[in-house]
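I opened this model to look up two things.

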Amino acid sequence: MKVVALAGGVGGAKLVDGLADCLGASDLSVVVNTGDDFNFLGLRICPDLDTVCYTLAGIADPSTGWGRKDETWNALTTLEQLDAPAWFRLGDKDLGHHLDRTSCLFQGWSLSAVVEHFCQRFGIQTVILPMTDNEVATYVHTQDEKSLPFQEYFVHLRCEPKVKGFEFRGVEQSRPAPGVLTAIQEADCVIICPSNPWVSVTPILSVPGVRKALNEKLVVAVSPLIGGKAIKGPAAKMYTELGIEPSSVSVSRHYQGLISGILIDTEDEKDAKQISRLGIIPMMTNVFMRDSEDRKRLAIELLQFCESQLKGKNL
Ligand code: FO1
């Protein structure tokens, strides 16, 4: 079965890791959010792409999910000594990657070419595609009338400001990166990973042409919320601040018209009826991924769910 996964940060990377364990390299393509990308200290940083790449290369920091394992922090210490911006913590190994990417982009490489080069050098066989090669920047509009670049909100201000809405600056003029639409067109099913629906998945869906391509496909999501709480990150807080109850029903509603099924946690069994009423098939399982066995187990269950839906729809 050919699968495309739409992924954001750490939750997305974990599920992609499980899927890569179950599927042949030519059967999995991952389309990654680039709305979180930004310039810091003159370097181009692509956090979600790096999280997915580091995870698949087996070099991600297991304690944070982002950054490199066995990292050292000499450059960061120097930045702190110099009173330079150090709120975004870049480790030494990670920095090497940012230096190379920035230099390649400066020489005229596309972002997808930079990612492909990294994958070749670090032994990643899964196809990893940025959602676009154009610059798109997520801004968080806050209830105190500010418009914050995503990492400023997420890391510098620790998600403290109350959100009012989101903007994906540049997305209307962007084009899907080479390979994105073809991967979707050739896929038997598309999986929306348990990433933040507002700031990780919506930017991907907003790239012109992506939603239209998805409308032709079987699309299945995995809820990033368990018992009304986000597994990681500010998704639940965002729902509440936007006046929406954080629940797997709300996640289903978020993707209504796009998905035909959703994996929710057994803790949210009470939501199943309401989700079915939206015309979406819920499946209950343990959605939390503690270790690599959980990642694989969830991926197997998800692929079986997709297969059963494909049979049901005669696709
Ligand atoms: N997240 C943090 O909470 N604090 C950091 O200092 C931080 C640094 C960082 C460096 C490189 C990288 O690839 C990711 C990093 N992240 C950090 C994670 C990142 O901000 C988020 O995971 C995503 O943007 C949200 O999906």
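**Cavity, then ligand**

I started with the lining of the largest cavity: α5 gives the most to it, with four residues. I took helices (H or I, at least four residues) and strands (E, at least two) as DSSP runs, numbered from the N terminus. This is a predicted model: local features need pLDDT of at least 70, side-chain atom pairs count only at pLDDT 80 or more, and totals for chains, interfaces and linings use all residues. Residues are numbered from 1 along each chain as its sequence is written, and side-chain values use heavy atoms, with hydrogens and water left out.

I noted the elements that give two or more residues to this lining: α2, α4 (92-106) and α5 (111-121). Among the lining residues I found His97, Arg101 and Phe118. By class, the lining has six nonpolar, one polar and two charged residues. For classes, I counted Ala, Val, Leu, Ile, Met, Phe, Trp, Tyr, Cys and Pro as nonpolar, Asp, Glu, Lys and Arg as charged, and the others, Gly among them, as polar.

Next I turned to the ligand.

Asp36 has one 2.7 Å from a ligand oxygen. Gln151 has one 2.8 Å from a ligand oxygen. Trp66 has one 3.4 Å from a ligand nitrogen.

Last, I checked the shell by element and class.

Definitions and conventions. Polar contact = N/O pair within 3.5 Å; in protein donor to acceptor, adjacent residues only side chain to side chain. 1 Å grid on protein atoms, 1.4 Å probe; cavity = no way out; pocket = protein on both sides within 12 Å on 5 of 7 lines; lining within 4 Å.
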